[in-house]
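Please look over the sequence and the model shown here before reading on. The report is meant for a reader who is meeting this structure for the first time.

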Amino acid sequence: MKIRLLIAGFFLLLFNNSQAQTVIWTEDFGTPPANTLANGFNSGNGAWTVTNVGFNGADANVWYVSGEECGNSPGACGSVCSGGDASLHLGASSIFGGDLGAAYAAGGLGFFFIETDKRVESPTIDLTGQSNITLTFNYIEDYAGQAFYDPIDDATLWYFDGVSWAQIDPLAVSPAGCAPQGTWTTFSMLLPASANNNPNVKIGFHWHNNDDNNGTDPSFAVDDIQLTVPAVSAPIADFSASATTLCEGDCIDFTDLSTLSTNPTWSWTFTGAATATSSVQNPTNICYNTAGTYQVELTVTDDNGTDTETKVAYITVNAPPNAGSNASQDLCNNTTLDLNTVLSGQDPGGTWVETSGTPSGQFNAGTGVLDGNGLPIGNVYTFDYTVTGTVPCPDATATVTITIIDCSVPSPPVADFSASATTICEGDCIDFTDLSTLSTNPTWSWTFTGAATATSSVQNPTNICYNTAGTYQVELTVTDDNGTDTETKVGYITVNAPPNAGSNASQNLCTDSIVDLNTVLSGQDPGGTWLETSGTPSGQFNAGTGVLDGTGLTVGNVYTFDYTVTGMAPCPDATATVTITIVDCSSGAPPTADFNASQTTICEGDCIDFTDASTILGANPTWSWTFTGAATPTSNVQNPTNICYNTAGTYQVELTVTDANGTDTETKVSYITVNAAPTVTASASPNDTICSGDQVTLTGGGASTYTWDNGVTNGVAFTPTGTTTYTVTGDDGSGCTAQATITIVVENCDPLTANWWIPSTSICNGDCITFTDSSSGNIASWEWTFGGGGTPNTVSNDPNPTVCFDSTGTFTVNLQIAGGGDTSNYSQVISVFDVPIVDATLDTLIDLGGSADLIAVGSSPGSYLWSPSEFVDCDTCAVTTASPYLSTIYTVALTDLNGCTGYDSVDVQVNFIEGIDVPSAFSPNGDGNNDVLYVKGIGIETMIFTVYNRYGQKVFESDDQNIGWDGTFRGRDENSGVFTWMLEYNLVNGATGMLKGNTTLIR
């Protein structure tokens, strides 16, 4: 007998399942005591049974359930855990000690009869509704390579399908590593397909040993039996976008990040996008054209279910900034201009910068005001207004071009304009360009006779459409600060009607008849041309007259003919096609009238088309339609189109057809049902005027469902970004719709706070200053008063007035702003100081080289400055000396302690005496006396002084009076002797001359 020894050891083996599983049945055998027989054991799943499959001896091995063989984890060695985690195991009979775990008597002694052939069987397992079932358990059986291993003593795995038992696996012995008790191992396999949806499944373990005393422990033990099926995971919707903050007009891509199984589908909803829905996995090029905040919703479906992910306010679309359009204007050289008034429609809060090649020097970038006073006439200045875009929208810039003009003699404006085209076709649209000559504060008033847009006040109107043929005048009235002028161009726009070739038509033609195709068409312009376009020509068509002779043509043949009317440029040509089918009219059968409509249930205002379905065998057919209740009550064309019904009701349609064989009438009573359009209303809560940043809820009325533009959801609050008109389309459920609009006014509700700024509150008498408004709030008007000291003394509705002060004293300047029924005031005191008086003396006459005293006496302490400062000993002294070469007027400025400056001047006349010469001798011996030969004189502006030796060689030359000859030539001293010199000069008084002479060099 081989009895198992308990040993300690541990080896871990992991079993990885490639797919998540759901447990549907499990057996862990609980914690029964030792010697619990497997036969009849019930842990709650039902009773296990033991069946004798073959011969069993009197001392056969026994199936037990207990902790005598602990049900260990995979990789662990066999052990005992008594009342702990039990296993199902094969043990010895009571004669050999009973339940000793997975240990058995191998037999072969001749007096024990241990032959064993038993199968332990699970209770019945109901697998109804289950499929793809996997059986998993942990077990030990002997171990590989053990001495005395007997392959006949063996455990196998069996399966019962409700009818019969079958072995499904031989169960390999345990791996080595835990001698002599074996290593617990995991087993897993997919049950046969017969287990799917089977209510009568069992699992069995069969043990056989042959009583040959050959075998080793352990025998066999099993624990933690599970039946599992693949886990069913519902889909999880998720996604991302290539960008979530956009600018109007941007397009983005979406990426599906969902967790899905088989047969997935995707349903996207892009609120506010040009493409509202998509069913592809990863939608691309989804474009948003309207500013707002929008949600994106993705619903995914697979074989396991459906899930929806809604990301609210996921996409933010920013409106691009608007800097207005480029503009140009003239400015008088004695006025100022607020460039903000030159632009039109620009967003507030932008920044100004002057971009002129040569800056004006008189532009206030903070206010946008250009002071034209004194700027040269004809100069052109440019200024850029830039509004910063909200990322990712780029900045917007508009350029204002200002030309300085002379307004001393006011020039009234001269109106003129041009059009992008003057001859057009009905429905065409054109642009107009202002060519007027204007000065400051211009306005434009256009009148477009005959156009869909009758008037305009913009400088250059665009998209002016003309929908009716005719010849029309255009009138432009321009007004500026110098007057008004009107230019009227009579017969300026010619609108040509498009040609009409009639509607396509079809007709039968008897083989013994002729037909004038001109009578088949209806309403066509005369003078068109016919062309047969049949695949196989009839050979019997007169294109000049439009007559087709059907005599002898084959019955059933179909021929086509195009009628073309040439359009008057720029209108394109028009063509209609007539289809003729050759029929046999020998039977003389009368026609059978019939027809159908493109729609029979419509809404008020809808238009439909009718198609003749009559059977006509005779020649020269005609049609007479009656449309009760329609705007067009009758027609005689074969297939009437654009028949409109404007009043709700139920109406009949009648068609009478006539040919050479007779007449028939088809009347369809209550054929057309016209449903009334709903009366749709639009309302706003709490109000249609709100403060910036507040929410508003828009609600439609009068219909069943409502669709708003600009990304608005009916009855859902949102935050408008600015004043906007919203349109709601209401559907009454029958497909009839109507629209209503509501404008939400967004106001800056900040409280009014008046304020203004100037560089200094202390100025001098005669100064003019510009007051810069820095108030806040929604301002409607400005009212300035200047305390009696300003000219003008009051100003209305100019936020940044320029005022001159001609009186000394202190003056209170007050600004009152008004808006929204509220007012606010702000005042400051301005001090106006006298300009100091300064007296400059004495006007005098001096000789060239002489000097004059300059004396300034002021009325108050301050600082002095003489100009020009050349030849002045001290230009900041009240008393100084000047030594000019030419007559000069010296101006002295006295700036007092208040910063005010007074001026006076002194005239110093110079008696210019030409005194220029060169010394007759010099001695360059280094004694510091007469060592260098200089040109002598005062008032020399430029000169060229040249010295030659007796051989005529040039030994020295200078153009600077302060640089003379030191008696050397090429670095060597010249010997004593006589040298010739020449002097060319220009004096500061404009005089010129040339002198020659000799100089003796003495060593």
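## Overall form

This is a predicted model, and its chain holds one helix and 82 strands. The radius of gyration is 56 Å, well over the 30 Å that the globule rule gives for 1003 residues, so the chain is more spread out than a compact globule. Along its principal axes, the C-alpha trace spans about 165 × 115 × 80 Å.

## Surface and charges

Of the 1003 residues in the chain, 41% are buried, while the accessible surface comes to about 46,800 Å², with 49% of it belonging to carbon and sulfur atoms.

## Salt bridges

The structure holds six salt bridges. In one of them, the side chains of arginine 119 and glutamate 121 meet at 2.9 Å, N to O; arginine 119 is buried at 7% relative accessibility, and glutamate 121 is buried at 6%.

Another salt bridge joins lysine 311 and aspartate 238, with the closest N and O atoms 3.4 Å apart. This pair links distant parts of the chain, 73 residues apart, with lysine 311 in strand E20 and aspartate 238 in the loop between strands E11 and E12. Lysine 311 counts as buried at 18% relative accessibility, whereas aspartate 238 is partly exposed at 28%.

Aspartate 594 and lysine 668 also form a salt bridge, their closest N and O atoms being 3.5 Å apart. Here aspartate 594 lies in the loop between strands E43 and E44, and lysine 668 lies in strand E52, 74 residues away.

Key
Residues numbered from 1 in each chain as written. Predicted model: local features only at pLDDT ≥ 70, side-chain atom pairs only at ≥ 80, totals over all residues. Heavy atoms only, no water. Helix = DSSP H or I, 4+ residues; strand = E, 2+ residues; numbered from the N terminus. Rg over C-alpha atoms; globule rule 2.2 N^0.38 Å. Buried < 20%, exposed > 50% of the residue type's maximum accessible area, 1.4 Å probe, protein only. Areas by Shrake-Rupley, 256 points an atom, 1.4 Å probe, with all protein chains shown as cover. Salt bridge = Lys/Arg side-chain N within 4 Å of Asp/Glu carboxyl O.
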